[in-house]
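Me: I am new to this structure and would like to go through it step by step. Could you show it to me, please?

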Amino acid sequence: MANDYLALANGYAQELMDMRRTLHMYPEAMHHEVETNRRIREFLDQHGIAHLSPAENITVAVLPGDHGGKVAGIRCDTDALEVVEQSDVPFRSTRPGMMHACGHDGHTAMGLFAARMLHERRAGRAGTVKLIFQPAEEGGKGALKVIDTGAADDVQAFFALHVWPTLPTGQLLVSPGPVCASTDRFTVKITGAGGHGAYPERSADALAAAAALVTQLQHVVSRFVPAMEPCVVSVCSFHAGNRWNVIAGEAGLEGTVRTFSNDIRDQVLARMEEVAHHVAQAHRCTAELTLFSICGPIINDEAMATLAAESAREVFGQSSVHPQAPSMIGDDFAEFSAIAPGAYAFLGIASPDGMLGQRPLHHQQFSLDENALPLGAAWLAATSDRFAGSGA
Ligand code: NI
């Protein structure tokens, strides 16, 4: 029963908080989550929980019940970000320039205690839960790396949560349909011809071309995408020139495209290519646009989102579970939910006093209300148990 999991999780509140704080102190960049995985395995071993280690930075805890049932997967991401932490807490990052600024320390801690509870409740429980500790969620295709190992091949439904700033602690958002946007990264290299700042007519100014392109890219969404289709094109980086009297012969832009429909995505990318080419040409420069697909959109499955909401109402209370508004953030949980039905939820982490959970994800002062951790752990355990036991 879901309420049992909450009572159990509340009993572990202090240990859960300690685990999150330890993880917070030792953040690791994506693809390098080795120490984190060592910690994960140590915890699992301590509690007698079987696990697979298909790579140095991937751990999958395997939690069978004692009869039949299905295989549920829970995804927890483990990587941190290149952010200089500016929080004044005793457990702040000990690694200069690295920070758990996206709450993955919380996700990992909640996952570990969900595993512990599912293990303790294995008698009488049907089916198997696999707890997947995934590396490189922040644009590093970590989900595909896990899928490539085959460790998730038998999973019939996937579940995950993400901590959600400004949403009050004690609330959870989950509903069917689009939840997170597809995410592409693009770069544009503009090549002109450098020269003396006094004689622009004898050069091809790549900086001027790039500046014009930044402006023109703003029109791609506003003029070429139907108003009812959510889509974002953001230029987030601009590099050109290095001296006050030398015209820049090269310029570089970098940014991201977010949307929920593959059709719109393809149209937008084609339009950007066209705009880049023509704007560069108008400045006697050339442009080369390169795309890197990070992940597709997360579309929550109807049946799995319904099941996830049912267990959430048992854990959080009837009036504390609400539908999600689709978010333009991306999460490569999308890769898991593309191979089996899935549900991805947002967990409230804002404390009632307004002190914690107010900063956005990736902020150098990102914080979370640790009272949310037992709730999240209980929901992960209850939801995966419910699915694994369904039809048993
Ligand atoms: Ni994140």
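Reply: A term to begin with: a nonpolar core is a set of buried Ala, Val, Leu, Ile, Met, Phe, Trp, Tyr and Cys residues joined through side-chain atoms within 4.5 Å. Please keep in mind that this is a predicted model.

Me: Which residues touch the most other members in the largest nonpolar core?
Reply: They are Leu-131, Phe-316, Phe-336 and Trp-379, in a core of 89 residues. Helix H10, which spans residues 372–389, supplies the largest share of this core, with 11 residues.

Me: Which residues are included in the second core?
Reply: Ile-190, Leu-217, Leu-269 and Met-272 are among them; this core is separate and has 26 residues.

Me: Back to Phe-336. What does it touch, leaving out residues up to four places away in sequence?
Reply: Phe-336 touches Arg-75, Ile-132, Gln-134, Ala-143, Val-146, Ile-147, Ala-152 and Phe-158.

Me: And Glu-335, where is that?
Reply: Glu-335 is in helix H9, residues 333–339.

Me: Is Glu-335 buried or exposed?
Reply: Glu-335 counts as buried because its relative accessible area is 18%, and the cut-off for buried is under 20%. Beyond its neighbours within four places in sequence, Glu-335 is in contact with Ala-143, Leu-144, Ile-147, Ile-294, Cys-295 and Gly-296.

Me: How many residues apart along the chain are Glu-335 and Leu-144?
Reply: They are 191 residues apart along the chain, while their C-alpha atoms are separated by 6.6 Å.

Me: You mentioned Cys-295 as a contact of Glu-335. How many disulfides are there?
Reply: The count is 0 disulfides.

Me: New topic: the strands. Which strands does E2 pair with?
Reply: Strand E2 covers residues 58–64. Strand E1, residues 51–55, is joined to E2 by 3 bridges, and the two run antiparallel. Strand E4, residues 126–134, is joined to E2 by 6 bridges, and these two also run antiparallel.

Me: How many residues lie between E1 and E2?
Reply: There are 2 residues between E1 and E2, which form a hairpin. Within this pairing, His-51 has Ala-61 of E2 as its bridge partner. On the E4 side, Val-60 stands opposite Ile-132.

Me: How many residues of E2 are buried?
Reply: In E2, 5 of its 7 residues are buried, so the strand is mostly covered. Thr-59 lies in this strand and is buried, with a relative accessible area of 0%.

Me: Which side chain makes a polar contact with that of Thr-59?
Reply: The side chain of Arg-41 does, at 2.9 Å. Not counting residues up to four places away in sequence, Thr-59 touches several residues, including Asn-37, Leu-44, His-51, Leu-131 and Ile-132.

Me: Finally, the metal. Which residues coordinate the nickel ion?
Reply: The nickel ion is coordinated by Cys-102 through SG, and by His-104 and His-162 through NE2, at 2.1 to 2.2 Å. The spacing of these donor residues in sequence is C-x1-H-x57-H.

Me: Are Cys-102 and His-104 buried or exposed?
Reply: Both Cys-102 and His-104 are buried.

Methods. Residues numbered from 1 in each chain as written. Predicted model: local features only at pLDDT ≥ 70, side-chain atom pairs only at ≥ 80, totals over all residues. Heavy atoms only, no water. Disulfide = S-S within 2.5 Å. Helix = DSSP H or I, 4+ residues; strand = E, 2+ residues; numbered from the N terminus. Buried < 20%, exposed > 50% of the residue type's maximum accessible area, 1.4 Å probe, protein only. Contact = heavy atoms within 4.5 Å. Pairing = 2+ DSSP bridges. Polar contact = N/O pair within 3.5 Å; in protein donor to acceptor, adjacent residues only side chain to side chain. Donors = N, O, S within 2.8 Å, 3.2 Å for Na, K, Ca; no water.
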